[in-house]
Amino acid sequence: TLGPDDAHVVQLTVDGKKQSLPTRATNVQDFLNRAKVTLEEGDVVEPATDAVIDGDNFRINVYRARPVTIFDGDKRIQALSAATTARSVAAQVGIEVFPEDNLKQEVSSDVLRDQVIGEKITIQRAIPVNLNLYGTQVVVRTHATTVADLLKEKNVNLAAGDNLQPAAETPIVANMQIF
């Protein structure tokens, strides 16, 4: 049998629970209201709430936000996020991270000491260094401790007759010049 033209079946996933529901809602927000699904700060809905429900087996996913505390050096940022990876949480909060930065995501084992409820993300920043290769200036980021370690990490091989300044055993410091 055929159903009415204005009715559709929606596949709804909220909190990992899947349901198939008939609806005459015209868009995602209307459907969520009818299904009594309340969105809180930081929750993410796919597709967007203004998306038109135009066919059967229309899929709607609701991702719930959870509390996250980000430690970036001496900055502490608390937020609600529905993102799943540390990098995507940082992006959602507006924190720029570089590929060389290390991000550690964990649940705090000592809530009182850390004063963290929910997830804890720690950003270990890579050090920016100005590397001049044969007259071409390049800014690189590293966790290397010496100039030699940096060159090895970045696959820079010195040929016979090449000069290196400062010396290979020089400790890396932020924004230093290496020629």
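Reader: What is the relative accessible area of E153?
Author: E153 has a relative accessible area of 38%, so E153 is partly exposed. On this scale buried means under 20%, exposed means over 50%, and partly exposed lies in between, with a 1.4 Å probe and protein chains only.

Reader: What kind of model is this, and how are residues numbered?
Author: The model is predicted, so local features need pLDDT of at least 70 and side-chain atom pairs count only at pLDDT 80 or more, while totals for chains, interfaces and linings use all residues. Residues are numbered from 1 along each chain as its sequence is written, and side-chain values use heavy atoms, with hydrogens and water left out.

Reader: Back to E153. Which residue does E153 form a salt bridge with?
Author: The partner is K154, and the closest N and O atoms are 3.7 Å apart. A salt bridge here is a side-chain nitrogen of Lys or Arg within 4 Å of a carboxyl oxygen of Asp or Glu.

Reader: Which other residue does K154 pair with?
Author: K154 also forms a salt bridge with E100, at 3.8 Å between the closest N and O atoms. E100 sits in the loop between α2 (86-93) and β7 (102-107) and K154 in the loop between α4 and β11, so this pair ties together parts that are 54 residues apart in sequence. Helices (H or I, at least four residues) and strands (E, at least two) are DSSP runs, numbered from the N terminus.

Reader: Are E100 and K154 buried or partly exposed?
Author: E100 is partly exposed at 27%, and K154 is partly exposed at 26%.

Reader: How many salt bridges does the structure hold?
Author: Nine. One of them joins the side chains of R64 and D15, at 3.6 Å from N to O. R64 lies in the loop between β4 and β5 (66-72) and D15 in the loop between β1 (8-14) and β2 (17-23), so the bridge ties together parts 49 residues apart in sequence. R64 is partly exposed at 28%, whereas D15 is exposed at 52%. A network of salt bridges links D15, D43 and R64.

Reader: New topic, the backbone. Which peptide bonds are cis?
Author: Among them are the bond from E46 to P47, with omega near -5°, and the bond from Q165 to P166, with omega near -10°. P47 lies in the loop between β3 (44-46) and β4 (58-63). P166 is in the loop between α4 (147-153) and β11 (177-178).

Reader: And what is the phi of K36 and of N175?
Author: Phi of K36 is near 60°, and N175 has a positive phi of about 65°. Neither residue is a glycine. Most residues other than glycine have a negative phi, and most peptide bonds are trans.

Reader: Where are K36 and N175?
Author: K36 is in the loop between α1 (28-34) and β3, and N175 is in the loop between α4 and β11. K36 is exposed, at 72%, and N175 is exposed too, at 51%.

Reader: Last topic, the whole chain. How many helices and strands are there?
Author: The protein chain has four helices and 11 strands. Its radius of gyration is 25 Å, well over the 16 Å that the globule rule gives for 179 residues, so the chain is more spread out than a compact globule. That radius is taken over C-alpha atoms, and the rule is 2.2 Å times the number of residues to the power 0.38.

Reader: What does the C-alpha trace span?
Author: About 85 × 40 × 20 Å along its principal axes. Buried residues make up 33% of the 179 residues.
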